[in-house]
Structure formats: C-alpha cells, structure tokens
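This report looks at a few residues of one protein model. Please keep the sequence and the 3D view open while reading.

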Amino acid sequence: MAVFAQHLQEQSERAVQHVDRSADELHRAAEGMGAGAQELAEQLVGAVQGQARDAIGRAVDQSFGPIGAQLRESAEVATRASKALEEQRQGLERAQQMLIYKATLALVVGSAVAVGGSWFFISKSMREIQRAKFGRDIMEATRTGALTRCDGELCVRAGKRFGSKGEYVLIESQQ
C-alpha cells in the first residue's frame, strides 16, 4: 500500500509539474503575443508619423486595426486558457491530497487488522502451548509410572491431597 501510495504521489506530482510548465509556457506566450502586438503598433505609428502624419496614419490604422484586434483577442484567449490550466492544476492537487489521505487511512486500518489478527494467533498459540505442557506432564507421569492402567482403568500413584475439599491428589515424582 505504501509503495502504491508513493507511486500515485509521484505520478500526481509529475502531472502537476507538467500542468505547471504548460501553464507557464502558455502564459509567457500570451504575454509575448501581447507585447509583440503592442510593439508592432508603436513601430507602425512612429513610421507613419515620420512620413505623413495624418493621411498615412489613418490608412495604416484602417489597414492594421483588425490585425491588432485579432492579436489582442488571441492574447486574451491564451490568457483564459492559462487560467483554465491553473484551475485544473489546483484540482489535481486537491485530488492528490485526498488520495494521500485515503491511502494513509487504508494503511492505518490495514495495520490495525494485522495487529488484531496477530494478537488472535498469538493467544491461540499460547493456549496450544499450555495444552502441550499438560500433555508433556501426562507423558512424563506415564513414563515414570505415576500414571498407568490397572485392569483397563487409569491408575495414579498419589501423594499429598490439594484443593479446598481435598479433591486433588499430588502425583509423586519418581525423580
């Protein structure tokens, strides 16, 4: 899960960086187009003023006015596209953060389940160990002769009695 979350984090970061670069390039292009249009207009006006201020100036304005308007419109379109890309980048960042939060939550839940499962198997194993110890004690009592069969019945060589009512008898060890 952590590797998957890291991979998703890296993919998201690369996507955001790509969108940032594209937005920056588009923004620079829009600014360049706007600056180029402005510079072109200034040069035209300066040349017209030097040769024939009024007559040629009006003719140039009539000829190049639509082109300047088209350049300004193109610059505005590029600026709007740049803003749209910035909004998309911000949306990707939000989605990336949400994905990171969800992955972290999934890791925490998975860890809790793993710890609970481990605890269950540990307690089960401890019960099995206790049963095995009891079985080992029975085998040792059988080996030493303290526990045997007498006429088909289980017999015990007993010693001292235990329990509040004397219901248990201590098996004497033959060691």
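Which residues make a nonpolar surface patch of about 290 Å²? The patch is made by Leu-105, Val-109 and Val-113. Patch members have over 30% relative accessible area and no salt bridge, and nonpolar side chains (Val, Leu, Ile, Met, Phe, Trp, Tyr) are joined within 5 Å.

The model is predicted, so local features need pLDDT of at least 70 and side-chain atom pairs count only at pLDDT 80 or more, while totals for chains, interfaces and linings use all residues. Residues are numbered from 1 along each chain as its sequence is written, and side-chain values use heavy atoms, with hydrogens and water left out.

The table gives burial, where buried means under 20% relative accessible area and exposed over 50% (1.4 Å probe, protein chains only).

| Residue | Relative accessible area | Class |
|---|---|---|
| Ser-82 | 8% | buried |
| Arg-89 | 12% | buried |
| Leu-105 | 55% | exposed |

What does Ser-82 touch, not counting residues up to four places away in sequence? Ser-82 touches Ala-23, Leu-26 and His-27, a contact being heavy atoms within 4.5 Å. With neighbours within four places in sequence left aside, Arg-89 is in contact with Val-16, Val-19 and Asp-20. The side chain of Arg-89 also makes a polar contact with that of Glu-93, at 2.5 Å. A polar contact is a pair of N or O atoms within 3.5 Å, in which, within protein, one must be able to donate a hydrogen and the other to accept it; residues adjacent in sequence count only if both atoms are side-chain atoms.

Terms used:
Patches are made of residues with over 30% relative accessible area and no salt bridge: like charges are joined within 9 Å, nonpolar side chains (Val, Leu, Ile, Met, Phe, Trp, Tyr) within 5 Å. Accessible areas come from the Shrake-Rupley method with a 1.4 Å probe; for residues, only the protein chains shown count as cover. A salt bridge is a side-chain nitrogen of Lys or Arg within 4 Å of a carboxyl oxygen of Asp or Glu.
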